[in-house]
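Open your viewer and get ready to click along.

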Amino acid sequence: MRRILLFIATNLAVMLLLTIIVKLFGIDTYTYRNGGINLQGILILSGVIGFGGSFISLAMSKWIAKTQTGAHVIDNPRNPTEAWLVATVRKQADAAGIGMPEVAIYDAPEMNAFATGMNRNSALVAVSTGLLQQMNKDEVEAVLAHEVSHVANGDMVTMGLIQGVVNTFVIFLARVIGAVVDRAISGNREGGTGPAYFLIVLVLQLVLGVLASIIVMAFSRWREFRADAGGATLAGREKMINALARLAGNHGENTLPKAIQAFGISGGDLRKLFSSHPPIEERIAALRAGTATR
């Protein structure tokens, strides 16, 4: 789950930074035109900031994941476990038709793994030390297959596109509502923004951004079923089911950074609308019933 939450958190931070830059350079003067609210100008500006924030976050995703988790990328395997991990990911990547991802291990007590990256042919697949210690090889193979399926499905890019669209509407609505509220407060009828406008926009972007994450989380839950189905294809359905069953007993704290939690295999049944993963019981049931499709 960490991947998605880290991605969203980074995305919100970048959006706020771009908003501040826009303000400092006076670009927001186009909020008004001819004494009225310039909807076309606001929409264009919102699209630039919205997709800019999303794709900057996406481009930084591998670097952020490595930095936040302290993941060790396996360049030259130092032991049989590392050699097996690299060989397994290579085999699955070939079967999925993608370029060989970087393979990494990060130190964390819980059973978890994640995949991230802007390009499906240049991704990162990482597993926790807790997962390697508590799962057998068949289960680890299924987890790796699940993550490789995320990469093959282009989930990060799709997530970036969805986040960009959501960002655009969040920024657009924040500016339109902000302009209306600002004019009501300041009595400004001739154009230009009052002193409260910028603060109102920042607050609205944060609030609307959190609410809009419900849409992103809904997509995240759907893509988990797809990745489970892909993992079952690459590693075997029973291995995938057994791996998920083992994860159901994962009581360790999720130590993945917030920005990448949504890309981990171990999710939660937090508060349904804001959960990046469906309950594991539902995922297992979908695999058994054959309703989890790629």
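Predicted model: local features only at pLDDT ≥ 70, side-chain atom pairs only at ≥ 80, totals over all residues.

Residues are numbered from 1 along each chain as its sequence is written, and side-chain values use heavy atoms, leaving out hydrogens and water.

**Stop 1: a helix pair**

Select residues 155–186, helix α7, and then residues 197–235, helix α8. Helices here are DSSP runs (H or I, at least four residues), numbered from the N terminus. The two axes, lines fitted to C-alpha atoms over the stretch in contact, come within 8 Å and cross at roughly 155°. That makes α7 roughly antiparallel to α8 (angles over 145 degrees, on a scale from 0 to 180 between N-to-C directions). By class, their contact has 20 nonpolar, six polar and five charged residues.

**Stop 2: D155**

Stay in helix α7 and pick D155. Is D155 buried or exposed? Its relative accessibility is 2%, so D155 counts as buried (under 20% relative accessible area, with a 1.4 Å probe and protein chains only; exposed is over 50%). Show its contacts (heavy atoms within 4.5 Å): leaving aside neighbours within four places in sequence, D155 meets H150, F219, R223 and R226.

**Stop 3: K62**

Now move to helix α3, residues 61–69, and select K62. K62 also counts as buried, because its relative accessibility is 17%.

Methods: Helix = DSSP H or I, 4+ residues; strand = E, 2+ residues; numbered from the N terminus. Parallel < 35°, antiparallel > 145°, perpendicular 65-115°, else oblique. Nonpolar A, V, L, I, M, F, W, Y, C, P; charged D, E, K, R; others polar.
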